[in-house]
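Colleague: I have just opened a structure that is new to me. Could you walk me through how to read it?

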Amino acid sequence: MAPLMTWDEFGAALADTLARLPDGTLLTLHEVRQPIGGDYAQIWQDSDGLYLFAELAGNRDRAADRQLSRAQQDQLRAAGWWPLEDDPDESWRGETFWPATTAETRYLAERIVAGFRDVFRLGSPTELAYQASVDTGHRVEPLPLPELGLETIRIQYFARLGPADRPDRPKGLLRRIRSGSVTIDEALHRDGHWRPTDTLEWADIGEIDDELVPVRPVEADQVVRWWRKLAAQAAEDAKLPPGTPRMRMAAAVDQERDASGRAVPPTTRIHDRERPALVAYLRGAPMIAAAWGYDPDPFDPDRAGVVPLNFRTDGVWVWSESLAYFAERYGIPPEPDFLRHMAQRSYRLSDVDQETLDRAVAFLRHA
């Protein structure tokens, strides 16, 4: 029988693998005995190809009986990891420049090994399996990495879409986990927790009307985080006195594309009579977050640094001031519910007390 791989051997193999990853790679290392809700590490390149990121599982992604202790969180900090949003229950992040030097990939691999061995206390690398894929720009393809010396595991994510849904704002999110001969299907519930489901089995035989669209793990993770933040906000709203309005976040302006791939404004327009009052409302509400600088106009490449990025609130809705820019320049209206809300107020702002402003700031931080 061949000797078991040591952590030092695995660290060397991982460092060598990281140095040779093709652009667009996503690599996930899962704990074999509990691939979901247990220990994991995820490694990927950012969309601009400037950084190689790594994340270790935080408590929000862990089962109730697999929560990290305060001492373990302190160990992660000491090993060079930091929590997203400075929240120790979120995922723990590490990064290096990309392309990376041999020393940089070795250091990142050593930190990943330290997480699994010293903090998560796995006995050997054989307790891990991996899943890897590469986004070619046209499709996502599996990426075999036999040099890691690990078994493979496959986790597929699907966005469930109704007629008006988008993959980043789906009606539902599903996943299928395959490890050896075992298959587990789960659905994300509105409280942000995964639970067993038979929806994928019904979809396999054509028994559901909605469309199921494959999405990448990173995109699925964004939906999971979004739903969990909504659930957390709903829990906070439930503590408010009766009659207190629930905060809502206004959606950004949609950017449709023409045949050449250039962004074009949506065809829906505000009536000219309403536009001045609408713009004044969007610009005149109290500011709750100031942003440095301006974004370029996505519909006019020649207009750089013109779109404001501040956030404002009227005590019920929170929105980016970019909505005012697009409304004024192109006549693009905000989403229907927000537009209806302002029209019902006759586009007149009311005073917002400090307590509500503080709640809006907290809401924005979560949203």
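Modeller: Gladly! This is a predicted model. Of the 367 residues in the protein, 45% are buried.

Colleague: Let me start with the overall picture. How many helices and strands does the protein have?

Modeller: There are 9 helices and 21 strands. Taken along the principal axes, the C-alpha atoms fill a box of roughly 80 × 50 × 45 Å. As for contacts, take those between residues at least 6 apart in sequence: 62% of them join residues at least 24 apart.

Colleague: How should I read a pair of packed helices?

Modeller: Two numbers describe such a pair: the angle between the axes and the distance between them. For helix 1 and helix 3, the axes come within 8 Å and cross at roughly 135°. That angle makes the two helices oblique to each other. Their crossing is right-handed.

Colleague: Which residues make that contact between helix 1 and helix 3?

Modeller: From helix 1 come Trp7, Asp8, Phe10, Gly11, Leu14, Ala15, Leu18 and Ala19. Helix 3 answers with Thr105, Arg106, Leu108, Ala109, Ile112, Val113, Phe116 and Arg117. Sorted by class, this contact has 11 nonpolar, 2 polar and 3 charged residues.

Colleague: Let me try another pair. At what angle do helix 6 and helix 7 pack?

Modeller: Helix 6 (residues 275-284) and helix 7 (residues 322-330) pack at about 160°, and their axes are 9 Å apart. The pair is therefore roughly antiparallel. Here the crossing is left-handed. Helix 6 contributes Arg275, Leu278, Val279, Leu282 and Arg283, while the helix 7 side includes Leu323, Ala324, Tyr325 and Ala327. By class, you will find 8 nonpolar, no polar and 4 charged residues in this contact.

Colleague: Is helix 7 largely enclosed or open?

Modeller: Helix 7 is largely enclosed by the rest of the structure, because 7 of its 9 residues are buried. Just after helix 7, look for Gly331, with a positive phi of about 75°.

Colleague: You mentioned helix 8. How is helix 8 placed relative to helix 6?

Modeller: The axes of helix 6 and helix 8 come within 11 Å and cross at roughly 100°. The two are therefore roughly perpendicular. Leu278, Tyr281 and Leu282 of helix 6 meet Phe338, Leu339, His341 and Met342 of helix 8. In this contact 6 residues are nonpolar, 1 is polar and none is charged.

Colleague: Finally, the backbone. Where is the cis peptide bond at Pro99?

Modeller: The bond joins Trp98 and Pro99, with omega about -5°. Pro99 sits in the loop between strand 5 (92-97) and helix 3.

Colleague: Which loop holds Glu85?

Modeller: Glu85 is in the loop between strand 4 (82-83) and strand 5. Its phi is near 55°, a positive value in a residue other than glycine. Asp86 lies in the loop between strand 4 and strand 5 too, and it has a positive phi of about 55°.

Colleague: Are Glu85 and Asp86 buried or exposed?

Modeller: The cut-off for exposed is over 50% relative accessible area. Glu85, at 55%, therefore counts as exposed. Asp86 counts as exposed at 59%.

Note on methods: Residues numbered from 1 in each chain as written. Predicted model: local features only at pLDDT ≥ 70, side-chain atom pairs only at ≥ 80, totals over all residues. Heavy atoms only, no water. Axes fitted to C-alpha atoms, helices over the stretch in contact; angles between N-to-C directions. Helix = DSSP H or I, 4+ residues; strand = E, 2+ residues; numbered from the N terminus. Parallel < 35°, antiparallel > 145°, perpendicular 65-115°, else oblique. Left-handed = near helix turned anticlockwise from the far one by under 90°. Contact = heavy atoms within 4.5 Å. Nonpolar A, V, L, I, M, F, W, Y, C, P; charged D, E, K, R; others polar. Buried < 20%, exposed > 50% of the residue type's maximum accessible area, 1.4 Å probe, protein only.
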